Amino acid sequence: MARFLFKRFILAVVTLLILSVIVFAVAQVLPGNVGRNVLGGFATQQSVNQLNHQLGVDRPVYVQYASWISKFVQGNLGTSLEYRVPVWSLLGPALLNSLKLAAVAFLLVVPLGIVGGVIAALRRGRLADRVITLSGLSLTAIPEFVSAIVLILVFGLWLRVLPVDATAPPGAGFLTQLRYLLLPSMALAMVLFGYIARMARAGTIEALDADYTRTAYLKGIRTRTVIRRHVLRNSLLPTIAVIATQTGYLIGGLVVIEKLFNYNGIGQRIYTAAQNKDFTMLQSGVLVIAIVYLSAMLIADILYSLLNPRIRTAGAA
Amino acid sequence: MSSPPATALEIADLDVVYRVRGLDREVLRGVTLTVGAGEAYGLVGESGCGKSTAALASVRYLPRNGRVRSGSIRVAGQDVLSASREQLRRLRADTVSMVYQNPVEALNPGLRVGQQVAEVFRVRGVRRREALERAHDALARVQIADAGLVLSRYPHQLSGGMAQRVVIAMALAKDPALLILDEPTTGLDATVEAEVLELIAGLKADLNTAVLFISHNLAVIQRMCERVGVLYAGRLVEEGPVEAVLSDPSHPYTVGLIRCIPRGGARKDQGRLESIPGFLPAIGEDLPACVFADRCALAEPICTSQEPAFHRVGDRHASRCHFHQRAGELPRTTAPARERSLEVSRTGDPLVRVEDVAAVFHERGQPVHALAGVSAAIWPGETLGLVGESGSGKTTLARTLLGLVEPTRGSIELDGRALPALAHRSHEDVRRLQIVFQNPESALNRRHSVRRILLRALRKLGDLVGALAEERLLALAAQVRLAERYLAVRPNQLSGGLKQRVAIARAFAGSPRLVVCDEPTSALDVSVQAAILNLLVELQAKEQVAYLFISHDLGVVRYIADRIAVLYLGRLMEVGHADRVFDGPHHPYTEALLSAVTTIDGGGRDRISLGGEIPSAATPPTGCVFHTRCHRSLGAICEEQEPELSQADDGHLLRCHIPVEELQRLQRNGGPAPVGQTAL
Amino acid sequence: MSTVAVAVGPSPAAVARRETLRALLRSKTFVVGMLIVGWWVFCAIFGSAIAPQDPLAQSANVLASPSSHHLFGTDQLGRDVFSRVLAGAQSILTIAPAATLLAVVAGTTLGLVTGYKRGAVDDIVSRLTEAILSLPLIVLAFTVIVALGNSTATLVVVVGVLFTPLIARTVRAAVLVERERDYVPASQLRGERAPYIMFVEILPNVAAPIIVEATVRLGYAIFTVASLTFLGFGVQEPSPDWALQIYDNYTLLAAGTYWWTVLFPALAIASLVIGLNLIADGISQVIER
């Protein structure tokens, strides 16, 4: 098992490195002279050159890359070109906000999705199954901002049960913050629900049709126990593996949702960085997102290997 | 406690249907059978006859689209079909057990073996700790030496044979009145199968459990059962004591089935195999009053209009045929004698020669020596049979010969020229070596029509296009007895036998010199097997083509092979003429293999039990790789030194430290006592 | 040419196609999906013609609530929302299918090659794919669009290229399974070259999952293009594109009273993707036996 995890870890690091190169390359293609963008059209060429030199953008590309990466690894994410402050001072709190939002969304969708998928599988072919499957299917492809708008209109403006703003007033308690986060999380959750439910359903059906389930029933074990002990245990394993990959979607959805709700999250930050051609913020921000994603994958891998006996016992004679 | 019921299983007039695409298709038609307490009843039939359905219905576990349309089933006196859910559950927990194919898959991969075996007891109210103890005892009862270790394992860590023992242990732990076995040894190696069957026979005798044994293999049923029922297209056509049915079959189908099996050391030059004309009916197909009438040579108008009653033929022996007295006189479908001579001349150079070929694969970082220095030769027009169990390397050898696998050392020669890997072979060489795979379903592209498949083969292998190709296509189809109307269809609309004919036609499209036959009949039903074997022999005589014939079925190999090579863990253990290898003196492994195989001519031979499981090719034993299981091991020399492949006499090579004269003496006098418990 | 007596009647392939069509028409989800999507396709082609007013015409009647004259009200610039909704189908229904087509062609080829060849090529491509997919597509997309400049062509290419690895992954998985079937080595033993085996032998057998995947991807393409437009990186003014309408008017939501400017375009987007997913569901039920 340790070997499996070690391999995955190395893989994640390699992926991160490749990604950093890609991100850096793309950011470099951003048009315009950096110094000129910052100082504006009326500054003298000399001051532009001076700023460029100060920022280090007149050095060869690979030197810039190396410098960026080495500083990044030490925790220095660079200085924002737009705001002239360390990138991390802006990204840090933004990341925290996004994680809160993502966490609420996750807590909403994972249990619902799994339960929905399992019920659909247990009632395969019947009404409950069709309803859950079709609603999951339909919700999944609706862009978050669309469902968010509908939610805002329904819960925020017509029923008036939830606040339209995602950001709670400063100093608000935990529950209040939660309340403010509900609308945006629901929008995010709706997209993921269908996917998770479908995976859970497929996994459960496979387990229900398996030979070992037949063996269990034929031993005279109660249905409830068979489902719990034999079916669910095996069906949820692939589902867990899949859930982690959904963090990618989650983060993507964050950008859109944060813009709609004007929420200070990392998605919003990166978005404005792209618009403002603030490439230090952009490349570091994107890399931070990648780190979050890959960490989520690693955690999922750890969980998976703990739960899957084949991997857990690999290496043991 | 009341006295146990007299019958373990009573099925009366059972009709079962499956709902396929909106229509009800009949799978079992009015089946009636009874298994008495402590009796072993065998249910035999080919694919689609409904035997598994009968088993599943008996425990009321039909698939979602199946249902019992009419009839009744009683297990140990209790009605199964009308039982409440709780009653059914109790029945499954206390009275009836089922063991089926693929034992590793029958176990939950996420739970330890111990927990699963203990479940059998926990369901009856036993406390956790005691249940585990009794699980331990249950495993010991099936002769698992290190029960404690096995209990702590997960199913994926068990071998097939071990897993089946565990499943049997679970099944018998509750001391059931009825044990249902559905093809329990299909898929297991011959030596492992022999052990499992012996285990079942022993346990049955000890516990006096009634057994319903389902199999397609008449020989196994003969060994294990007292009575047998023959199923065809969902109907029981004959039933009676095993010996009576086998010696005096009274239904044309039974007669045909028995005749299909190559027996008593039959060889191809002694005559063709019998086969049953026509095709096995698809599930739910519309059939005449007597379900077998379409394929029966004794059929007369009354057979299509009136369903035959179950006529009594002998003591508890009955047959569902209007003409059961004449069943034994069923005319043969094939002329017994062969037209052409099949003499193979070995005076010239061999067609194909492999010299010290080794192949190593890497699995999970460990090198696996699939082949470790194999040398062999095949002469033009001869059939070299290749036998061996799993891990023996026979498929790897075939693939290496064909160029699909690159050997790590050694050479392959065709007509004296060395052959490189497939990608570098000349067009001529590619044409000369072809293959017929085991599974025709997988070997034919299901999106291409038969015509397209064959025309492409003719183009690439035979360099034929246009009108010439069309001509040859028709000739090829005629040669393999494939009716023209099948050319336009896609393979998935054809039966297994027809698909295999297409595959054979494809292999012969370019007039090959050698065709590798990799278990070509293993996936086919018995009645179809015979026809395909006849076809292969006929083609060989006509085209003067050599075969490398791989099979685990020794009866088939004996029938078709001129010479036989025996592989074990990637090494050649014995090679020689078929008669010599079979009759002896032969290698101890060959000896054990032959004794393990259940043949329909049955009894007399002492079963030699090989201890242990087949070792993994990743960690082969030291010295002679067979020494860990060899019943004639000489001790130190066998453990330390690998014997050379040495000439025993003309053309017969043996890899054994025991000199051939000694082997002859030992084997004539019968083998030593069988080895005891099974180690891991 | 040949003298084979051909069976009278349609070929088995034609019969199979007809059966599939019939099965599809029996599927309620498929039919409903087709109706919805069909309606929007109709609008994409004829929207401007059937719209009661010019979608681009501004007027002084700003932010009027829905009435008989303006069924869906008017927006900030006095434009008729109903007409804009009808005409807005065109942009999304040209860009998304184009991007999907690009992705399907490129992804299928990539999937076939990596799935069949395996080896170094497969490893490298897999690494790259994993790296790229660890970023949210939207982020990657707008980063590239910012770099390359905004235009319809860029949008199509960026979305198409970013979807390629996803399709390639599905195709690769299907190819890996097919490869294990014996007709592949049988082909190799005939001396067939790799392109033949990939495209003539294997491809027809993986067509079913590709079709389902393509339909699903189309839904996601719409999702992505709409999201990008909402962020300001997609379709540009003054198009009546739905997501663009939302982009223009969503800040009004806080005020609460001008809901019609965003609700109707939002519902239009939702209905289109739901329709597409229903079609995909119908197809997958019928094709994947």
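I took helices (H or I, at least four residues) and strands (E, at least two) as DSSP runs, numbered from the N terminus. The model is a predicted one, where local features need pLDDT of at least 70 and side-chain atom pairs count only at pLDDT 80 or more, while totals for chains, interfaces and linings use all residues. Residues are numbered from 1 along each chain as its sequence is written, and chains are lettered from A and ligands numbered from 1 in the order in which they are written.

**Entry 1: chain C overall**

I read along the sequence of chain C and found the pattern α-α-α-α-α-α-α-α-α-α-α. The tally for chain C is 11 helices and zero strands. I looked up the extent of its C-alpha trace, and along the principal axes chain C spans about 75 × 50 × 30 Å.

**Entry 2: the domains of chain C**

How is chain C divided? Domain 1 takes 23-50 + 64-88 + 240-289, and domain 2 takes 92-234; such bounds come from an automatic or database domain assignment. The centres of domain 1 and domain 2 of chain C, taken over C-alpha atoms, are separated by 28 Å. For contacts I used the rule that two residues touch if their C-beta atoms, placed from the backbone, lie within 7 Å. On that rule domain 1 of chain C brings 20 residues to the contact and domain 2 of chain C brings 16 residues. On the domain 1 side, helix 2 (28-50), helix 10 and helix 11 of chain C each supply at least two residues.

The side of domain 1 of chain C that touches domain 2 of chain C has 16 nonpolar, two polar and two charged residues.

**Entry 3: helix pairs in chain C**

Two packed helices are described by the angle between their axes and the distance between the axes. The axes are lines fitted to C-alpha atoms, for helices over the stretch in contact, with angles from 0 to 180 degrees between N-to-C directions.

I began with helix 9 and helix 11 of chain C, which pack at an angle of about 170 degrees with their axes 9 Å apart. Helix 9 and helix 11 of chain C are therefore roughly antiparallel to each other. The contact of helix 9 with helix 11 of chain C has 16 nonpolar, four polar and no charged residues.

Next came helix 10 (residues 242-249) and helix 11 (residues 260-287) of chain C, whose axes come within 9 Å and cross at roughly 150 degrees. Helix 10 of chain C passes helix 11 of chain C in a left-handed crossing; that is, the near helix is turned anticlockwise from the far one by less than a right angle, and clockwise would be right-handed. The contact includes Trp242(C) and Ile246(C) of helix 10 of chain C, with Val262(C) and Pro265(C) of helix 11 of chain C. By class, the contact of helix 10 with helix 11 of chain C has eight nonpolar, three polar and no charged residues.

Last, helix 4 (residues 89-117) and helix 7 (residues 152-179) of chain C have axes that come within 5 Å and cross at roughly 35 degrees. The crossing of helix 4 and helix 7 of chain C is right-handed. The contact of helix 4 with helix 7 of chain C has 19 nonpolar, nine polar and two charged residues.

**Entry 4: chain C against chain A**

I found 40 residues from chain C and 40 residues from chain A in this contact. Which helix of chain C gives the most to the side that touches chain A? Helix 11 of chain C does, with 10 residues. The side of chain C that touches chain A divides into 30 nonpolar, seven polar and three charged residues.

**Entry 5: the sheet of chain B**

Four strands of chain B form an open sheet in the order 2-1-4-5, with antiparallel pairing. I counted strands as paired if DSSP finds at least two bridges between them. Strand 1 (residues 7-20) and strand 2 of chain B pair over 10 bridges.

Note on methods
Ala, Val, Leu, Ile, Met, Phe, Trp, Tyr, Cys and Pro count as nonpolar, Asp, Glu, Lys and Arg as charged, and the others, Gly among them, as polar. Angles under 35 degrees count as roughly parallel, over 145 as roughly antiparallel, 65 to 115 as roughly perpendicular and the rest as oblique.
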